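I opened the model to look up its charged pairs. My notes follow.

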Amino acid sequence: MKHPIVLTVNGEEYRLAIDPYRTLAEVLREDLRLTGTKIGCGTGDCGACTVLLDGHSVSSCLTLAVEADGREVMTVEGLAPSGERLHPIQQAYVDKGAIQCGFCTPGMEISTLALLLQNPHPTEAEIRAGLAGNLCRCTGYNKIVEAVGAAAEAMAESGSADGAGASAVGADGPTADDQGRPCAMWPPVG
Amino acid sequence: MGLPKFEYVAAKSVAEACRLLREAGGEARVMAGGTDLLVKLKAAASEALPRGTDAFNGAAPGGARSPRLVIGLRGIQELAVLAVTPGVGLTIGATAYLADVASHPDVRRLYPAVSYAAAETGTPQVRNMGTVVGNLCNAAPSADNAPALLALDAELRLATKETEGTMPLSQFFRGPGETALRLGEIVTSVVVPEPPTRSGMSYRHLSARGRVDLSAVGAAALVALDEGGRVRTARIALGGVAPTPLLVPEAAGLLVGVVPAAHIVAAAVAAAAEAARPISDVRASAGYRRRMVRTLVERALADAIGRASAGKEVGS
């Protein structure tokens, strides 16, 4: 039996009828064609499928889409909604050479956002702990850790990771979707 | 890896969840976070498990290999409780997230071994999805949340469609993946009594990678002292070194009634290692595990005794 669900993904509302045994990762990729979210191990170990669910990082490969009903999802596509100007986290990954094959990058960047929303000025140890659920088989992590530090600085400068009402947005300033609500933004979770 | 087909119901009450579970006659599973259940379902579907291995280790009453129904517990408001109540203790509901147990200020202050164990479970993503009660019900011998809760004399609240009851956590684990739950029964919460005065607690664990992977060995200790510095209460619990997480009263008992001098602690450590029944597997050899029981119990006792004798009511 298909279940009717309402998903808000990157600020946009989707009404779907889905089988209960389908994961959020599958629905994002196959039904919504948001293929930025990757499926790596499928068992919650690699972090490639990481998305924000109501502002918390989760493995979308271990989340039933029916259980995301009525909740807000943010994927890597939500980081740069214009599709042109990169989010400071993405820019930092590019600038620091933190990307090789790129398969882990969407999950890494979402985990980076989740970390910086909770802790805008993480130490190196905190960065490593914050990204412990994301595996990269190319870079050796040092460049990624550097990129997270650079992103934290960039976001602090633009006042985007902390402060009431601030949004984690690019240099264009706050970006709004069709409904006028800010994208790429969740309040820090506590 | 895809999931096998199943139906899904978001239960609206504990009674409904228990009724559905019972009516399905062993062909249903309840789900809190899903971080263990969905992995097992995928493994069973893809036959990734070695032949002859039951993904559920008999944990599903009725022996169902893959359920026809998954019952979601997330929608049941009362199961999300996470509260420290004077006179009662700490209540962790069945759907309270590991991340919230790890970061709750009162849990960190009053039950530091409990919050630490939650913080050391899995990855950030797993802690945002998974639950302490789910970790217990999955009944892995290495479950990180079990030793501290055993050492603190935690009790489970259980429910069926008609009844509510309690069970000491120490009676809950029956084997790898096996619990004392009956058909149609769920754990609604785990309740940790208030720590005794002048007590300290600790959880120590080791894994090959230090993060993310399951613990190879874990040890927890609770020590309460009287005004003369003699041990009033002591409990030591181990993870990853027997078919279930286990209390080792024969070790803790050596401490009770005496000042915990070095030779007394050493005897307790040796007794704990003696009680361990480790196996060799992908995470560690039996020999390494037995050695590490000594090390971790020694450290956990040192932490707990240090915190108890620092005059604080609880560890920090």
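I looked up Glu23(B) and found its side chain in a salt bridge with Arg19(B), 3.3 Å from N to O. A salt bridge here is a side-chain nitrogen of Lys or Arg within 4 Å of a carboxyl oxygen of Asp or Glu. Both residues lie in helix H1 (residues 14-23) of chain B, 4 residues apart, about one turn of the helix. Helices (H or I, at least four residues) and strands (E, at least two) are DSSP runs, numbered from the N terminus. Glu23(B) counts as exposed because its relative accessibility is 54%. Arg19(B), at 30%, counts as partly exposed. I use buried for under 20% relative accessible area, exposed for over 50%, and partly exposed in between (1.4 Å probe, protein chains only).

Before going on, I noted that this is a predicted model, where local features need pLDDT of at least 70, side-chain atom pairs count only at pLDDT 80 or more, and totals for chains, interfaces and linings use all residues. Residues are numbered from 1 along each chain as its sequence is written, chains are lettered from A and ligands numbered from 1 in the order in which they are written, and side-chain values use heavy atoms, without hydrogens and water.

Next I checked Asp19(A), which meets Lys2(A) in a salt bridge at 3.4 Å, N to O. Asp19(A) sits in the loop between strand E2 (12-18) and helix H1 (24-31) of chain A, and Lys2(A) in the segment before strand E1 (3-9), so the pair ties together parts 17 residues apart in sequence. Asp19(A) is buried, at 16% relative accessible area.
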